[in-house]
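These notes are meant to be read with the model open beside them. Please go through the points in order.

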Amino acid sequence: MKAVYFTGDIDTVKNGLLILQKKLQFCLDESGTPIQLIHHKGPLICEKKIDKITLTFSEPAHLFRGLNLLFYHWETPDFSFTETPQFDVIGPMVDTSRNAVPTVEKIKELLETCSVIGLNQCLLYMEDTYEVTDYPYFGYFRGRYSAAELKEIDDYGHDLGIEVIPAIQVLAHLKNPLKWNFTRDFRDTEDILLVDEPKTYHFLAKAIQAVSQPFRTKKIHIGMDEAHQLGLGRFLQRHGLQNRFDLMNRHLTKVLEITDSLDLEVEMWSDMYFRLGSKTGDYYDPDVAIPQEVITEIPHVKMVYWDYYHHQESDYLQLLAQHKKLAKPIVFAGGIWTWNGLAPNYSKTIATTHAALSACKKQQISSVYATLWGDDGSETPLDSALYGLQLFAEHQFNQTVSNELVATRFLELQHESADSFLLLDCFDQTPGVAPENPEGSAVSKLILYQDPLLGLYDKTISEFPLTEHYQKLAKDLAQCQTSEKTADLFAYYQLLAEILAKKTSLGIHLQQIYLAQDKNDGQQILLQLEQLKNLIDNLRQSHRQLWFAANKAFGWEVLDIRYGGILTRLESSHWRITQWLMHDISLEELTETRLPFDGPYPMPEGIIGRNLYHGIVSPSKLSDV
């Protein structure tokens with residue numbers, strides 16, 4: 001514990017310093033080492049001499065990063081550095097809408113991490129996870145934040161120099177709340193609001209007022225992305241087919257009447273204008289054509305260009321040029337790939353982030369987000385993204401960024417091993433997957449959830465040495481360096497790798513044994529199923545521990561059901577095989593010829609597969625008409 005006291009410009013940072021004493025391992029003591037703080041616009045500068053220490057900073061989060069780095073090198077007699085921020089604002093966007101709603105304490109922990117690596121903004125993405133008192137079914141049993149909770153988060157972020165911003169949806173991505181009857185009169189499709197309906201705007205006025213009131217910021221993100229069926233549901237039945245550009249502009253104008261009345265500064269996802277201007281509906285279509293009269297009619301908002309996909313800087317430069325044609329301020333949103341799988345896709349995260357943020361610097365983009373989506377159930381724990389946050393932070397303070405620099409700063413500022421975190425990438429960067437995993441292959445998820453008797457992916461995965469891959473990964477994870485904060489996280493992933501090593505060839509081996517009518521090996525399969533059941537249940541408990549340490553209770557029931565599905569299908573597999581062994585019952589599941597999996601996404605070379613849960617566990621309907 002370092003004893004220090006601060007002199008100079010401390011007014012704007014004193015609350016943050018009090019908060020960060022435990023995290024940065026220092027105490028305030030007037031008999032300790034003096035550190036002079038100089039608040040001055042410009043770069044972050046640290047100068048440590050034997051007789052004097054000064055830190056020059058332009059804003060609190062920059063100071064906290066500088067202090068963190070200074071303390072790491074505390075024993076170095078002469079130590080100095082200068083870092084120049086590349087963006088005005090940069091930080092994560094936390095998805096709280098895919099079942100995992102981080103607790104207030106977890107968000108506070110994240111804000112502390114952001115502050116000590118120099119990130120200065122944080123968006124909370126809330127589709128229906130905030131309270132609107134006039135609509136009690138909005139966010140019902142979804143872990144919604146109360147106004148008091150949001151204010152507590154905002155206060156904490158403010159003290160740490162981080163602007164916390166609400167990000168909501170005012171058009172699409174509202175499938176969860178729109179399933180309740182209170183929305184019947186203003187529902188266009190199952191996930192899109194009904195444009196021009198007065199009750200739509202009455203609801204939105206209440207929602208926007210409720211979500212913005214707890215925050216100091218006057219910024220709000222209103223979403224409006226991926227409204228693919230806009231105007232094609234009940235609106236079409238009522239009014240007939242109308243120009244969908246007009247619908248976007250008309251709806252946006254009415255939403256802005258609400259936000260203007262609250263003096264809010266608005267930004268929105270940009271994709272729908274580009275999708276409507278593309279013959280194929282492709283956001284990234286190089287041949288997009290948006291009529292000038294449409295551009296002229298777009299009200300004044302910031303346009304958020306989101307892109308987590310392209311690996312070449314030239315693609316981002318071209319798409320930024322397309323966005324400039326909208327004549328609106330541009331915000332960029334990249335991604336730390338925590339969605340759709342069980343572990344972060346760091347190969348793709350690193351490739352896309354280097355390319356995207358290099359382009360943003362060249363085009364003088366001033367605002368950047370690192371999205372942390374949780375699509376398909378938020379199966380990937382939030383802390384797995386810590387390395388990705390460091391990657392974005394280094395792009396904030398360096399013109400050019402190497403992976404070696406990120407690893408160094410990750411150790412210095414978060415006390416974590418880059419080598420350990422990058423092992424998590426190996427869950428899906430497997431043999432058979434192209435370098436940098438450009439297609440977002442999610443091999444580990446396919447193997448964990450696929451049914452041992454049906455083996456939907458068995459033909460596809462049998463082409464690659466995946467058992468050996470996961471055996472090695474399990475050994476590497478068992479030996480990797482972790483911190484007290486991440487020990488449980490890596491224990492979970494080590495167990496997952498162990499399970500994947502055992503489950504990868506289970507269905508393949510099972511079918512071979514059955515077709516050969518080899519009942520001796522059939523007895524061995526029963527033992528393997530019993531062992532696997534125990535390991536899966538241990539994994540469930542480990543995952544549950546991680547979930548409840550970070551998130552509210554709501555949403556875990558979905559993962560309980562998924563783990564329960566694996567366990568009961570292993571039990572049914574055990575029963576079916578026993579029936580064959582003891583009574584010669586035919587197992588029709590194992591006589592079906594295995595085909596390469598083909599869908600729902602294209603399957604180019606370099607991808608083994610990716611899918612959502614419902615498409616992995618069975619080709620039958622889980623729940624549908």
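Which residues does UniProt list for "domain: Glycoside Hydrolase 20C C-terminal"?

1. UniProt lists residues 419-606 for that feature, in an unreviewed entry; UniProt positions are given in the numbering used here, feature names are shortened, and annotations may be inferred rather than shown by experiment. The span is 62% helix and 0% strand, and its end C-alpha atoms lie 24 Å apart. Helices (H or I, at least four residues) and strands (E, at least two) are DSSP runs, numbered from the N terminus.

2. This is a predicted model, in which local features need pLDDT of at least 70 and side-chain atom pairs count only at pLDDT 80 or more, while totals for chains, interfaces and linings use all residues. Residues are numbered from 1 along each chain as its sequence is written, and side-chain values use heavy atoms, with hydrogens and water left out.

3. The other UniProt feature to note is "domain: Glycoside hydrolase family 20 catalytic", placed at residues 91-273 and likewise taken from an unreviewed entry. The end C-alpha atoms of residues 91-273 lie 25 Å apart, and the span is 40% helix and 15% strand.

4. The structure holds 39 salt bridges, a salt bridge being a side-chain nitrogen of Lys or Arg within 4 Å of a carboxyl oxygen of Asp or Glu. Arginine 409 forms one of them with glutamate 394, where the closest N and O atoms are 3.9 Å apart. This pair links distant parts of the chain, with arginine 409 in helix α15 and glutamate 394 in helix α14, 15 residues apart. Arginine 409 is buried, at a relative accessible area of 14%, and glutamate 394 is buried at 0%, where buried means under 20% relative accessible area, exposed over 50%, and partly exposed in between (1.4 Å probe, protein chains only). Both residues belong to a network of salt bridges that links Arg65, Glu83, Glu394, Arg409 and Glu412.

5. Another salt bridge joins aspartate 560 to arginine 540, with 3.5 Å between the closest N and O atoms. Here too distant parts of the chain are linked, aspartate 560 being in helix α23 and arginine 540 in helix α22, 20 residues apart. Aspartate 560 counts as partly exposed at 30% relative accessibility, whereas arginine 540 counts as buried at 16%.

6. Which side chain meets that of lysine 199 in a salt bridge? The partner is aspartate 185, at 2.8 Å from N to O. The pair links distant parts of the chain, lysine 199 lying in helix α7 (residues 198-212) and aspartate 185 in the loop between α6 (175-178) and β10 (187-189), 14 residues apart. Lysine 199 is partly exposed, with a relative accessible area of 42%, and aspartate 185 is partly exposed at 38%.

7. Some backbone values deserve a check. The peptide bond from glycine 599 to proline 600 is cis, with omega near -5°, and proline 600 lies in the loop between α23 (556-583) and α24 (613-617). Serine 378, a residue other than glycine, has a positive phi near 50°; its place is in the loop between β16 (367-372) and α14 (386-397), and at 9% relative accessibility serine 378 counts as buried. Histidine 415 also has a positive phi, near 60°, and is found in the loop between α15 (403-414) and α16 (418-423), but histidine 415 is partly exposed, with a relative accessible area of 46%.

8. Tyrosine 613, in helix α24, counts as buried at 14% relative accessibility. Tyrosine 613 and aspartate 376 are 237 residues apart in sequence and 7.1 Å apart in space, C-alpha to C-alpha. By the corresponding C-alpha to C-alpha value, lysine 502 and tryptophan 180 are 43 Å apart in space and 322 residues apart in sequence. Lysine 502 lies in helix α20 (residues 487-503) and counts as partly exposed at 41% relative accessibility.
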